[in-house]
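The sequence and the model are shown here.

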Amino acid sequence: MKRSNFAVALCSSLATLLCVLPVRSQEAQPHNEQQRAQIQQLLEQMKPGAQHEILAGLVGDYQTEMVYKTGRAKGIVNPGKSSCEMLIGGRFLRVHSVGEVLGQSAESIAFLGFDRAGERFFRWSINNKGTHFTQEFGNFDSESNQLQFEVESTDPISNAPIRTRTIYQLGSERGLRYDIYQQYPGSEMIHLLSVAWKPVEANTAEAK
């Protein structure tokens, strides 16, 4: 049985167990050791872990500087701001970003989390440039202190497959940075976008 199907089956079993026990508390028989271990494993996976503490380290308000790359050109700089908060008992990081790109409003919401059953990070995002959503999966590289996500999708215009890589560089006292790279078939991966995040507190003096 696949791990995801196993987790679903355990959830179903646990839900049934919780419904039946109050009614048949006098009749219920103790589970065998294997069942107890499975239920305990499921309950443990429902809790946030060390990986969620990594995400919690990003909580705060930021001034952002977004740079779109255009070939070898320096790129177009666009200011903005982002707000990060942990939701649902420290399980998910919500990132709300607003700004302007080429004189037009730009707004996005992303959710970052770690699936303890699947043992992988994920990033789910939407923005005001379309009605679709993007879902990426990845990992945390402790040596480089990076959250690394990757996804394969289809270009809505050319219908060609696109490989997109998103990297969050963590651990800087000045904030953090994330970069987006894209690759089309037969071409090299290009650096499409870079966003520098600076904590609002670090810019208080500048604002005055």
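A residue is called buried when its relative accessible area is under 20%, exposed when it is over 50%, and partly exposed in between (1.4 Å probe, protein chains only). By this rule Ser125 is buried, because its relative accessible area is 12%. The model is predicted, so local features need pLDDT of at least 70 and side-chain atom pairs count only at pLDDT 80 or more, while totals for chains, interfaces and linings use all residues. Residues are numbered from 1 along each chain as its sequence is written, and side-chain values use heavy atoms, with hydrogens and water left out.

The protein has four helices and 10 strands, where helices (H or I, at least four residues) and strands (E, at least two) are DSSP runs numbered from the N terminus. Their order from the N terminus is α-α-α-β-β-β-β-β-β-β-β-β-β-α. Of the 208 residues, 28% are buried.

Ser125 lies in strand β5, residues 120-127.

| Residue | Contacts |
|---|---|
| Ser125 | Ile109, Ala110, Phe133, Thr134 |
| Leu112 | Leu55, Arg91, Phe92, Leu93, Val95, Phe122, Arg123, Leu147, Phe149, Tyr168 |

Leu112 is also among the residues with the most contacts inside the largest nonpolar core, which has 23 residues. Such a core is a set of buried Ala, Val, Leu, Ile, Met, Phe, Trp, Tyr and Cys residues joined through side-chain atoms within 4.5 Å. Strand β4 gives the largest share of this core, four residues.

Notes: Contact = heavy atoms within 4.5 Å. Lists of a residue's contacts leave out its neighbours within four places in sequence.
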